[in-house]
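Dear colleague,

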Amino acid sequence: MKHRILVLGAGYAGAFAAGSLARRLSPADTELTVVNAEPVFVERMRMHQLAAGRERPARQLTDVFAGTGVRLRVARVTAIDPERGTVAVTGEDGTGELGYDTLLYTLGSRVADHGVPGVAEHAFDVAGRPSALRLRARLDDLDGSGSVLVVGEGLTGIETATELAEARPGLSVTLAARGELGARLSPGARLHLREAFDRLGITVHEHTVIEAVGATHAVGADGTSFPADATVWAAGFAVDPCAAAAGFEVTGEGRIVVDDTMRSVSHPDVYAAGDSAYAIGANGRPLPMSCASAGHTALQATDAIVGRLTGRPVPRVKKTYIGNHIGLGRYDAILQMVDGGTRAKSWFVGGRKAARVKAGIIRGSLWGVTHPTFGMPKRKRRLTATTTPAVTPAVATAPENAAA
């Protein structure tokens, strides 16, 4: 009987891991299935660009996994039963249940509203393709003018504010920061950031906490009202509560606690990677939610799964966090390196050179995910393509009207 590997989520971590497992494991011995809520791979690092108006073609996951033997189920995960080794899913073709012998949990993260009234009803975000397109449609309705408030001074907030201001110069763009803008950057990089905001005409309100969001404005903790035809919420991320509900050992925020091979410390047949995993980096500190962390943790998880299924030693990936690349529109960016304590180093790279490096990093990440057959012998590609269907047939148990 084949060993069933089930990968939940096909973001940067999940899609890369699935392709790597397909290359390295024999289809005669393993059955590999990926569950994802959307039929396309979402370039999350480019969703702010999509919202601003740039064209970002969607890559169909059936095309990504063609010739790999990976089975795809387009559905949402609703529950996990680790005692039975099953996952409940629901999609356009109804609800069903998938069994596993090894589970790789890579469901990623979503926008955290922190319980702020009005965020769910009125705010926009760039955490996914549908939400980015919703913001784009709203900006199109404004017809080149109007006001946009971006809430959050993290990387997502900075990149969104600068991209919108550059791509749609008729907009009045404001950013609300809980603390100081660029506080974790080196002095030089912080100055470069502020100069970019000034050049793009972005207004910044530092030490401002937004406590409510309405359809046409947002309200600060001190009662100040910020007019906004569109409020973009970029004030942090949260993970799916599915892992905690399943009984896995998780952190207070719901991330799965793993050992240094990305194996769940409470359930040995479960691995986690990407934003869903609470992993300790080479510096002894938790890895942040980021694309870089997704790469390290996905690589380690696949190494561990392959090693344990084949009886080979499990190598240890050095999970390092070396810095941040921050886009400031199409032609400007900041590359800020950090030390072992994640403190900003004194030097940075800014301007067009940094923008080219960042664009190269994003292209490289996309290429690595969307070319899972790279290095796979042609004979194995033919074998997997002819013996395994690309889409897992539904096991419907009840009608479901909501789209996956």
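H1 passes H9 in a right-handed crossing, where right-handed means that the near helix is turned clockwise from the far one by less than a right angle, and left-handed that it is turned anticlockwise. The contact (heavy atoms within 4.5 Å) is made by Tyr12, Ala13, Phe16, Ala17, Ser20, Leu21 and Arg24 on the H1 side, and by Cys291, Ala294, Ala298, Leu299, Thr302, Asp303, Ile305 and Val306 on the H9 side. By class, this contact of H1 with H9 has 11 nonpolar, 2 polar and 2 charged residues, with Ala, Val, Leu, Ile, Met, Phe, Trp, Tyr, Cys and Pro counted as nonpolar, Asp, Glu, Lys and Arg as charged, and the others, Gly among them, as polar.

This is a predicted model, in which local features need pLDDT of at least 70 and side-chain atom pairs count only at pLDDT 80 or more, while totals for chains, interfaces and linings use all residues. Residues are numbered from 1 along each chain as its sequence is written, and side-chain values use heavy atoms, with hydrogens and water left out.

Helices H1 (residues 12-24) and H9 (residues 291-310) pack at an angle of about 30°, their axes 9 Å apart, and are therefore roughly parallel to each other (angles under 35 degrees). Helices are DSSP runs (H or I, at least four residues), numbered from the N terminus.

For H6 (residues 155-167) and H7 (residues 187-200), the packing angle is about 30° and the axes lie 9 Å apart. H6 passes H7 in a left-handed crossing.

Best regards

Technical notes
Axes are lines fitted to C-alpha atoms, for helices over the stretch in contact, and angles run from 0 to 180 degrees between N-to-C directions. Helices (H or I, at least four residues) and strands (E, at least two) are DSSP runs, numbered from the N terminus. Angles under 35 degrees count as roughly parallel, over 145 as roughly antiparallel, 65 to 115 as roughly perpendicular and the rest as oblique.
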